[in-house]
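Work through the exercises below with the structure open. Try each task before reading its solution.

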Amino acid sequence: MQESELSQLYEKGVNQYRSRLFLQSKHSLQKYIQLDGQASRDASYYLASIQLHQFDNETDLREIVREEKTTPLAGRASRELGDFYFDKGDFRSAAGYYDKIPVISLHNKELSLVRYRLAYSLLQSDYFDSAAQIFDEVRHYGEKEKFKALYYSGFLAFQNGNTQKAIQNLLAAEEDPDLVNNTAPLVARIYAMSSDYDSLITYTSDRIERVGRPQEIQLLLFQGEAYFEIEDYANASKSLRRSLDLGNEKRKPEFYYKLGYSYDQINEPEKAIENYKVAGLDNSEIGQFSAFRLGELYINTKQYTLAVNAFESAIVDGLDAGISEQALFLKGKVMLKAERYNDAIFPLSSFLKKYPESRWYNEASDLLITAYYNTSDYDAAIEYLETSGINSQTARKTYQLVTFHKGQQYFNDGQSASAVEMLKKSLGFNENASITRQASLIMADSYAISGDFESSKAHYGSVIRNSATDDLTVSAEYGLGYASYNTGDFQNAIRHFQLAEQMVTDEYENYHDIKIRIGDCHYIQKNYEEATESYSAALVGSQADYAYYQLGLVSYLQNRVPESADYFEKVINDHPRSEFRDNAMFQLAKMKFENLEFDESKLLNSRLISLYPSNALVPHSLLQRALCNTNLSLYQDAEADLRRLLERYPGHITTNNALLGLQDLIQRGHSVDGFEELMAKVRELNPENESLAIIEFEHAKSKYFSQLYDEAISAFLKLLDYGELAIDVDIKYYLADSYLRSNQQEEALKWLDELVQINDHPYLPRVLDKRGSVLFDLAQYERSAQNYHQLKNLDDNKRNQYKARRGLMLSKYMLSAYDSALYYARQILASDWKPINAEEEAWLISGKCLVEEGDFIQASDNLIQVINSVKDEMAAESYFHLAKIQFTQQQYRASIETLFTMIGEFGSYKKWTDEAYLLLSENYLGLEELLQAKATLKSIIDRSENEELINRAKVQLEQVDLKEAELLTTGSTEDTIKTDSIR
């Protein structure tokens with residue numbers, strides 16, 4: 001091939017290379033090398049370059065650099081390899097090749113670029129001194145790399161502590177407007193580190209509008225901190241706030257402290273509070289100061305409840321001891337302002353122990369006594385006062401009050417013996433005459449409940465002696481009336497009842513009961529006219545059925561038989577659920593029998609037997625109906641009644657009369673089969689030696705009534721060894737109850753089950769009631785419900801109907817059968833007889849059921865009914881469930897208010913106050929009041945003795961920590977400068 005053709009082929013390959021037609025170029029150059037090996041060095045360079053560009057294979061170029069050290073080809077190859085590695089980010093390799101390029105071979109533009117890239121590669125490879133020298137070189141070339149070189153020269157000067165050079169170069173770099181985003185945050189930081197706040201403010205004010213959003217946020221942050229340092233808090237708050245509004249990134253606690261402090265100094269407390277409560281989450285002196293100042297601001301804005309937890313967060317061991325001391329004192333003090341008397345006790349007593357030399361010691365001591373005086377945590381108050389000594393008038397006054405309230409609480413909870421012991425303590429002091437009288441009245445009521453009527457009289461008397469007419473005097477006269485009545489002193493009973501009556505109107509809640517009791521006293525003394533007058537005055541009251549019944553008895557005793565019959569019929573017909581209806585039927589049947597009206601007497605006895613099959617009157621009614629049948633010559637029916645009586649009630653007092661009745665039938669010519677066998681069976685069940693068993697039974701019962709239950713159990717079990725006795729049912733009943741009263745529920749249940757199986761005996765209603773209670777306590781709710789159904793169907797007595805419905809209500813609730821529980825609760829509420837607090841319990845269960853069914857409006861109404869009616873544990877529980885409803889409906893502030901009311905009024909019910917504190921933290925979390933939630937949970941963890949509650953608090957605290965992590969950072973993301981942000 002001609003030389004010109006070879007030259008053309010080479011030029012073709014080079015042109016194809018320059019046009020980046022690498023495959024065609026490769027083909028042309030390889031053909032050229034095959035035809036003419038003389039020009040292969042340049043061609044080989046191009047082929048090596050093609051390998052790099054097309055296949056990222058730098059091997060051939062590296063070989064050229066090695067072999068062609070003294071030729072321009074080595075420089076060209078080094079340039080290509082430097083760019084290749086630079087673009088890949090392999091700056092160490094790039095620097096090595098850029099450094100091999102002969103500077104003399106480069107034109108100005110190339111020289112500026114290559115030297116800049118070499119410097120940048122050295123910078124990224126941590127050769128800072130070498131990089132700094134070359135950046136300084138490049139900035140003199142006057143090309144476009146000059147400004148980037150100035151930036152990095154300034155950056156390296158900053159790192160070396162040469163802030164003057166750094167500022168000079170960085171400001172020069174800003175002639176390139178594209179570099180302001182990089183230079184501005186660094187310049188601002190240098191001014192900040194040099195404490196040159198005036199220059200910083202001037203600089204950032206000019207640059208903020210020229211940078212992008214991330215850099216704007218950084219400049220505002222630096223600017224705000226500069227204003228803060230020169231105490232220009234108005235501008236500090238503006239700049240810091242704007243930096244926060246422009247970005248969603250996390251901030252350091254110190255940022256929120258400075259923003260809060262700035263607002264604090266320019267008298268914008270609400271804004272200060274919002275930032276202090278975030279800074280206060282930090283476990284540092286910044287967090288401690290922020291929490292303390294937050295507490296003070298809450299006091300100033302009368303947000304006392306929130307101030308408490310702020311001060312709690314400021315009590316930190318290992319930080320500023322002075323702040324911790326004052327925070328503990330103020331926590332207790334502000335709790336009194338918030339009327340959280342129970343809660344104030346712990347911090348104030350802790351303060352007195354920890355800081356006996358404090359300048360606030362005397363004030364804290366007075367505050368603690370005030371807290372105890374107003375507390376509902378009576379146990380804590382009593383323990384403190386008894387331990388520290390009741391040696392001042394304030395202490396005596398407080399001790400009298402809290403022991404009175406504790407005694408009152410025992411009384412309301414049905415613990416009359418404990419009430420007596422506690423009220424004795426209260427009555428040991430007479431600082432407040434009103435409290436003394438109230439304590440005396442409750443003491444008297446407690447003695448009366450326990451049957452010590454003589455002691456009750458003395459205390460009722462002290463109430464009356466120490467006052468003129470008022471409600472306490474009325475209650476005392478009323479109580480004295482009952483105490484005298486129960487001790488058989490009927491004349492004095494009448495006198496006291498009448499004195500009480502004279503001080504009230506007929507709207508007084510016990511007015512009709514007073515009339516009834518006066519009537520009873522006259523009735524017992526056979527003053528029938530006076531009794532009639534008193535009973536007649538009670539015919540419109542809640543005990544009208546009893547009044548009618550008693551009028552029936554009085555009229556009968558006065559031989560006014562028609563009037564007596566009318567009264568008994570009133571009870572039977574107008575009061576179908578009266579507990580005296582059975583007796584009214586029996587008395588009326590007896591009157592009809594005595595008046596020889598055998599058909600009507602028989603009808604009434606049959607009705608009683610049918611309606612009340614377990615009633616104690618049934619044996620008497622069977623005998624009376626048998627006599628009616630005998631007189632009506634219905635001998636077969638008479639025999640059936642008498643046989644039924646003897647077979648079902650063989651040990652009853654009526655058995656002799658039943659046998660006489662059968663003998664009478666025989667004498668009348670009626671044949672009674674097996675009469676002799678019946679007599680023998682009765683004799684067998686009532687042998688003469690059974691009297692010994694009866695004596696032993698009475699002895700065993702004396703052990704039972706003396707509360708010596710273990711001895712009673714042994715005695716009753718021994719009696720069962722006698723074999724079958726007529727009193728077996730009685731023995732088993734008392735045996736079961738002895739086991740029950742000695743808390744041996746499983747043993748009690750065995751005998752109660754047996755008594756239920758026996759079925760037909762007078763104890764059955766009581767047995768079913770007791771068995772239901774045992775089954776419920778043992779969490780056998782299905783059996784408990786079945787048991788109470790049996791009681792409900794067994795007996796129409798009002799008291800037993802209530803017990804059955806209550807048992808069903810509670811059992812169904814525990815079985816989550818809320819519709820059924822609601823049904824029985826409403827039956828209790830609608831019934832015309834129920835014991836004290838029964839309505840409140842039904843409202844409470846109704847409320848809890850409605851909560852489960854999602855009917856929060858009706859549930860709240862029911863719970864409020866309880867809260868407005870009683871001041872016991874049911875009210876505490878109702879408050880809690882009401883607060884839970886409010887929390888569920890995201891009414892967090894209302895829920896918090898409800899919980900603090902409950903804690904204030906019912907501090908002695910730890911079960912519910914514990915739950916209240918945990919729910920408080922959930923409310924705070926719902927409000928995103930993280931500091932409040934955290935302080936509440938830490939308080940539970942540090943001070944509670946309830947391990948289960950502590951574990952739940954720890955789980956909740958983890959949620960708070962997660963929320964806190966979303967808000968705060970411990971790093972420095974807001975002022976990081978990235979050195980690879982430009983190339």
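## Exercise 1: Salt bridges across the chain

A search of the whole structure, which is a predicted model, finds 62 salt bridges.

**Task.** Which residue forms a salt bridge with K258, and how far apart are the closest N and O atoms?

**Solution.** 
- Step 1. The partner of K258 is E225. The closest N and O atoms are 3.8 Å apart. The cut-off is 4 Å, so the pair counts.
- Step 2. The pair links distant parts of the chain. K258 sits in helix α15 (residues 253-265) and E225 in helix α13 (residues 213-229), 33 residues apart.
- Step 3. Check the cover. K258 has 8% relative accessibility, so K258 counts as buried. E225 is at 23% and therefore partly exposed.

## Exercise 2: A helix-to-loop pair

**Task.** Where do E529 and R560 lie in the chain?

**Solution.** 
- Step 1. The side chains of E529 and R560 form a salt bridge, at 3.9 Å from N to O.
- Step 2. E529 belongs to helix α30 (residues 528-536). R560 is in the loop between α31 (544-557) and α32 (561-574).
- Step 3. E529 counts as exposed because its relative accessibility is 52%. The cut-off for exposed is over 50%. R560, at 23%, counts as partly exposed.

## Exercise 3: Charges in groups

**Task.** Which residues form a negative surface patch? Which residues are linked in a network of salt bridges?

**Solution.** 
- Step 1. The negative patch consists of D819, E852, E853, D855 and D861.
- Step 2. D819 lies in helix α46 (residues 818-830). Its relative accessible area is 55%, so D819 is exposed.
- Step 3. Now the network. Salt bridges link R79, D83, E110 and R117. Side chains of opposite charge can pair when their charged atoms come close.

## Exercise 4: The whole chain

**Task.** How many helices and strands are in the protein chain? How does its radius of gyration compare with that of a compact globule of 983 residues?

**Solution.** 
- Step 1. The count gives 53 helices and zero strands.
- Step 2. A compact globule of 983 residues would have a radius of gyration near 30 Å. The protein chain has 49 Å.
- Step 3. Along the principal axes, the C-alpha atoms fill roughly 165 × 75 × 50 Å.
- Step 4. Of the 983 residues, 52% count as buried.

## Exercise 5: Sequence against space

**Task.** How many residues apart in sequence are F128 and N160, and what is their C-alpha to C-alpha distance?

**Solution.** 
- Step 1. Locate F128: helix α8 (residues 128-138).
- Step 2. F128 and N160 are 32 residues apart in sequence. Their C-alpha atoms are 9.4 Å apart.
- Step 3. F128 counts as partly exposed because its relative accessibility is 31%.

Notes. Residues are numbered from 1 along each chain as its sequence is written. This is a predicted model: local features need pLDDT of at least 70, side-chain atom pairs count only at pLDDT 80 or more; totals for chains, interfaces and linings use all residues. Side-chain values use heavy atoms; hydrogens and water are left out. Patches are made of residues with over 30% relative accessible area and no salt bridge: like charges are joined within 9 Å, nonpolar side chains (Val, Leu, Ile, Met, Phe, Trp, Tyr) within 5 Å. Accessible areas come from the Shrake-Rupley method with a 1.4 Å probe; for residues, only the protein chains shown count as cover. Lys and Arg count as positive and Asp and Glu as negative; His and the chain ends are not counted. The place of a charge is taken as NZ of Lys, CZ of Arg, CG of Asp or CD of Glu. Helices (H or I, at least four residues) and strands (E, at least two) are DSSP runs, numbered from the N terminus. Buried means under 20% relative accessible area, exposed over 50%, partly exposed in between (1.4 Å probe, protein chains only). The radius of gyration is taken over C-alpha atoms; the globule rule is 2.2 Å times the number of residues to the power 0.38.
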